[in-house]
Amino acid sequence: MNQLRILIPALALALIMIGQTTFANEDGTQWRYGSTLFGELKYGPDFKKYDHVNADAPKGGRLNQAALGGFDSFNPFVVRGRAAAGLNYQGGLLYDSLFAQAVDQSSASYGLLAEAFRYGDDYSWAVYRLNPKAKWHDGKPITPEDVRWSMEILREINPLWSNYYANVERVEITGENEISFFFDQKDNRELPQIIGDLPVLPKHWWTGKNAAGETRDISKPTTEPPLGSGPYKIGDFNMGKSVTWQRVENYWGADVPTQNGRYNFDEIHYTYFLEQTAIWEAFKKGGIIDLRQENRAQRWARSYDFPAIKKGDVLKREFSKTGAQIYQGYYLNTRKDKLKDRRVRQALTLLFDFETMNKNLFFNAYTRTDSFYEGGELQSSGIPQGRELEILEKYRGKIPDEVFTREFVIPNFSQDGAFRKAQRTALKLFTDAGYTFKAGKMLDKNGKQFTLEFIGNSPTDERIANPYFENLRTLGIKPALRVLDTAQYKNRLDKFDYEITGVATRQSLSPGNEQREYWSAKAAKTDGTRNYSGISDPVVDELVERLISASDRQELLDLTRALDRVLKWQYYAIPQWHNPTERLAWWRKLQFVDKQPTRQGTDLFSFWIDTNIEKELEGSK
């Protein structure tokens with residue numbers, strides 16, 4: 001497809017472009033060092049490092065971290081098993097991807113394993129050119145065949161990648177360091193760019209034999225540390241209890257702009273704990289946990305007065321976040337018969353009293369979430385108008401009538417009489433759905449009381465659930481909470497074996513192919529996806545596909561807002577709250593540039609350790 005070195009005249013090769021491009025190709029397409037789905041890239045072709053990074057940061061020291069539960073596998077790409085801390089479905093610390101998503105700009109990415117890419121004007125194909133310096137930890141080069149195999153095997157074994165790359169029709173090696181991707185549709189504007197998110201795996205290792213002479217099987221969990229390409233490799237470990245990551249001294253990508261000045265810790269050590277209280281006590285003691293992202297407002301307000309804080313050995317700060325906010329909510333599993341009726345789901349939503357919880361439990365530190373796309377221009381508000389209304393008109397009669405006539409508003413329990421009003425409305429909704437309130441119980445047509453089982457994986461789940469449970473009981477509903485260990489919880493979550501559970505997700509500011517993973521009927525039937533509510537609605541499916549193929553940014557905004565409205569008015573989840581800041585506490589051996597990327601709060605991998613302070617703190621224990 002591309003014979004760059006042979007066919008392009010030297011003059012064309014020397015044509016340096018501006019914006020996202022590097023130089024012109026024979027067919028008129030442009031090789032791009034980076035890409036963004038909207039706006040302009042923050043950094044130009046001379047990009048050397050992120051602004052918040054200290055390129056001269058010293059290497060050394062050990063970052064101690066905590067993890068909850070346990071682990072039984074070093075394979076993060078399969079649904080089965082619990083992968084070790086430091087690994088995730090994107091590769092984590094072990095594997096690099098073709099391009100790296102920018103940490104300081106939404107929906108932007110820059111070259112990593114691939115130094116450049118280009119795509120057709122109709123977005124029906126993309127070509128990635130590998131960096132010739134890229135190599136595995138065993139010194140072997142990363143090849144186009146590794147990329148081709150990774151795309152093939154990840155779509156086969158992982159539902160997320162299967163949905164994400166559903167439109168990749170075929171992959172071909174088209175040059176010594178080039179690989180081409182062909183799509184089964186045109187005008188999917190984000191598809192050429194998100195190919196860059198692919199974590200590339202070493203085919204020669206995963207298809208080879210282990211020390212026992214057995215052929216490895218990537219479709220199963222493994223306790224053998226895999227070969228990687230990233231900044232760290234797995235060192236010592238105690239299965240299920242601890243794992244130490246060692247910095248790769250000759251990491252091939254150390255000078256790549258997105259990596260330059262980052263990944264400075266010689267070691268990252270994770271210790272596993274069975275519950276959160278033990279993690280908190282270990283952090284206060286020091287030497288076991290060096291950094292803590294605090295998610296409890298009460299603790300942040302009242303408990304950061306321990307000796308190390310007073311001595312100045314532990315520091316704390318709130319960092320602002322300007323990117324998309326986390327959507328945290330109770331997801332109602334519509335796969336269960338009792339939750340298939342929208343009226344029931346609406347009634348359950350009305351009884352959730354955020355304002356009282358925020359006052360009594362959270363010191364008014366949180367903001368109520370009211371959109372699946374919270375934070376920014378994607379979230380819907382008011383009554384639909386203009387193009388957004390035009391999009392929704394196609395589905396009139398197939399979606400709730402309220403979408404067209406009412407603003408979606410969640411009850412505010414700080415207002416006088418709000419709870420009684422919500423209670424009356426919820427009672428009527430249950431009655432309309434065929435239930436009877438009798439002798440203090442909500443009964444179905446068979447005289448059986450309405451019950452609702454919540455599952456969680458932390459003792460704090462009870463603290464959050466109890467105020468809601470009290471409200472449910474006033475309507476004759478019998479709630480119950482089952483707190484599971486991390487293995488049981490993951491298994492039940494993956495298999496959708498629950499009625500209601502709390503989950504936190506964060507949407508992209510440029511939603512696209514990944515939306516199938518959250519909302520599609522296919523995802524509802526596939527274990528391990530993020531369609532926690534079991535949504536299986538032709539309207540939602542169609543809106544997702546239209547969103548993926550949006551012709552421009554404005555059309556994407558209108559389609560996303562339309563989708564948001566449909567999801568909200570179907571009451572698939574009970575929205576909870578979000579915090580527009582990141583609360584961080586750390587032992588003072590950790591150093592960083594003061595101005596951190598506001599898109600995500602902080603960039604931990606831009607931090608470094610002052611080894612003199614590290615020794616001083618160790619000596620004081």
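A crossing of two helices is left-handed if the near helix is turned anticlockwise from the far one by less than a right angle. Keep that in mind for the helix pair I will come to. One caution: this is a predicted model.

Overall picture first. The protein has 21 helices and 27 strands. The C-alpha trace spans about 85 × 65 × 50 Å along its principal axes. Of the 621 residues, 57% count as buried. Now contacts. Take those between residues at least 6 apart in sequence: 71% of them join residues at least 24 apart.

Now the helix pair. Helix α19 covers residues 538–548, and helix α20 covers residues 553–569. Their axes lie 9 Å apart, and the packing angle is about 160 degrees. Angles over 145 degrees count as roughly antiparallel. So α19 and α20 are roughly antiparallel to each other. And the handedness? α19 passes α20 in a left-handed crossing.

Who makes the contact? From α19, it is Val 540, Leu 543, Val 544, Arg 546 and Leu 547. From α20, it is Leu 556, Leu 559, Thr 560, Ala 562, Leu 563, Val 566 and Leu 567.

What classes of residue are these? Ten are nonpolar, one is polar and one is charged. Arg counts as charged, and Arg 546 sits on the α19 side of the contact. Thr 560 is on the α20 side.

That is the pair: roughly antiparallel, with a left-handed crossing.

Notes. Residues numbered from 1 in each chain as written. Predicted model: local features only at pLDDT ≥ 70, side-chain atom pairs only at ≥ 80, totals over all residues. Heavy atoms only, no water. Axes fitted to C-alpha atoms, helices over the stretch in contact; angles between N-to-C directions. Helix = DSSP H or I, 4+ residues; strand = E, 2+ residues; numbered from the N terminus. Parallel < 35°, antiparallel > 145°, perpendicular 65-115°, else oblique. Contact = heavy atoms within 4.5 Å. Buried < 20%, exposed > 50% of the residue type's maximum accessible area, 1.4 Å probe, protein only.
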